[in-house]
2 protein chains.
Amino acid sequence: MLQLTKDGEYGVRAVLHLASDPMRFSDIKEISAAQDVPGNYLAKIMQQLARSGLVRSRRGAKGGYALSRPPRRITLREVIEAVEGPIFLNVCLIRKGECPRDAICPVHDVWREAQRRLFEVLDSRTMEDLAGEGVKKAARAKGSRA
Amino acid sequence: MLQLTKDGEYGVRAVLHLASDPMRFSDIKEISAAQDVPGNYLAKIMQQLARSGLVRSRRGAKGGYALSRPPRRITLREVIEAVEGPIFLNVCLIRKGECPRDAICPVHDVWREAQRRLFEVLDSRTMEDLAGEGVKKAARAKGSRA
DNA sequence: TATAATCAAGACTAGATTAGTCCTATATAC
DNA sequence: GTATATAGGACTAATCTAGTCTTGATTATA
Ligand code: SF4
Ligand code: SF4
């Protein structure tokens, strides 16, 4: 459907939560409550993020998850691809020859460029950028309510 | 999965086929054979394209489909959205308030920009452009085989 | 060292979507 | 009238989505 799944969506929210206090370990319950994600579902996503190496985990009491790199070195695209797998806007971008028509197809190059531009956006935003923007936006929202 | 479906893919192929000879009516069998799309499946997609108004149909002997507008006034995005429905890279782009977090979410604006850039690409390619490019690409492929 | 907290792994599920097929009815050219 | 096409829709198998739940391993701390 050309749309981000909940896996990706929730994964980004979770990593962004960790980025707001990168050295602290946050557990599922905390992230789930703060980011409004079903706990049992989030557990699976955090495991995937841990397997991908983007976050590290600690089991047992006082355990939880923390980023394994500083927020400024984690891009939005990395988070999405860690939980959803690599992004390919169309099958012909998976690899050359995946679609037998790619050599003669005029649309192939359009998808290549579309994906390149999408990546430009997703690669240019780090978790540091977004966490900072989140603080500003929250302050604005609070201000306009007061 | 953030990927174009076969509906969209086949729809684009079909419209591009019609664009290569815009005044002629091509039937399912012809399009199916030329564009390598399962005939029964293509029939459903052509019906959707007809309902959307992008192509017109004629039933009975010598019937088939033709574009209802000149190729230069049909964009790639129009074709995709005619068969797949409107594109929203994330649910929060459907409408304001669709995601309750959009007012405070720093990622929201990133998706807005990502989608805007995707649309820039898809809106800028007309069926005329692509049909022309297709002829060139086919000639190149033939030349390099010779 | 017992216990409570916490993650890891994976089985399980209902419902939706994807990628089709197939059948009947209707319209049209000749 | 007949052959040819689309229109509409029922049907399907396989996969994906968005979860839930159970069991087992690890860790802090009383
Ligand atoms: S856009 Fe062209 S190359 Fe890509 S999948 Fe479609 S036909 Fe194949
Ligand atoms: S990106 Fe932000 S606004 Fe958009 S769906 Fe996710 S949380 Fe909601």
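Author: In what follows, Ala, Val, Leu, Ile, Met, Phe, Trp, Tyr, Cys and Pro count as nonpolar, Asp, Glu, Lys and Arg as charged, and the others, Gly among them, as polar. The model is a predicted one.

Reader: How do the residues lining the largest pocket divide into nonpolar, polar and charged?

Author: The largest pocket holds about 590 Å³ of space, and 29 residues line it. Sorted by class, its lining comprises 16 nonpolar, six polar and seven charged residues.

Reader: Which element gives the largest share of the lining of the largest pocket?

Author: Two or more lining residues come from each of helix H1 (6–19) and helix H6 (127–145) of chain A and helix H5 (108–124) of chain B. With seven residues, the largest share belongs to H1(A).

Reader: Which residues are the closest to the centre of the second largest pocket?

Author: This second largest pocket has about 390 Å³ of space. By class, its lining has 14 nonpolar, six polar and four charged residues. Among the 24 residues that line the second largest pocket, the closest to its centre are Arg101(A), Ile104(A), Pro106(A), Leu16(B) and Gln35(B).

Reader: With which residues is Leu49(A) in contact, leaving aside its neighbours within four places in sequence?

Author: The largest nonpolar core has 82 residues, and Leu49(A) and Leu49(B) touch the most other members. Beyond those sequence neighbours, the contacts of Leu49(A) are Gly11(A), Val15(A), Leu54(A), Val55(A), Val79(A), Ala82(A) and Val83(A).

Technical notes: Residues numbered from 1 in each chain as written. Chains lettered and ligands numbered in written order. Predicted model: local features only at pLDDT ≥ 70, side-chain atom pairs only at ≥ 80, totals over all residues. Heavy atoms only, no water. 1 Å grid on protein atoms, 1.4 Å probe; cavity = no way out; pocket = protein on both sides within 12 Å on 5 of 7 lines; lining within 4 Å. Points joined across faces, edges and corners; volume = space filled by probe spheres on them. Helix = DSSP H or I, 4+ residues; strand = E, 2+ residues; numbered from the N terminus. Core = buried A, V, L, I, M, F, W, Y, C linked by side-chain atoms within 4.5 Å. Buried < 20%, exposed > 50% of the residue type's maximum accessible area, 1.4 Å probe, protein only. Contact = heavy atoms within 4.5 Å.
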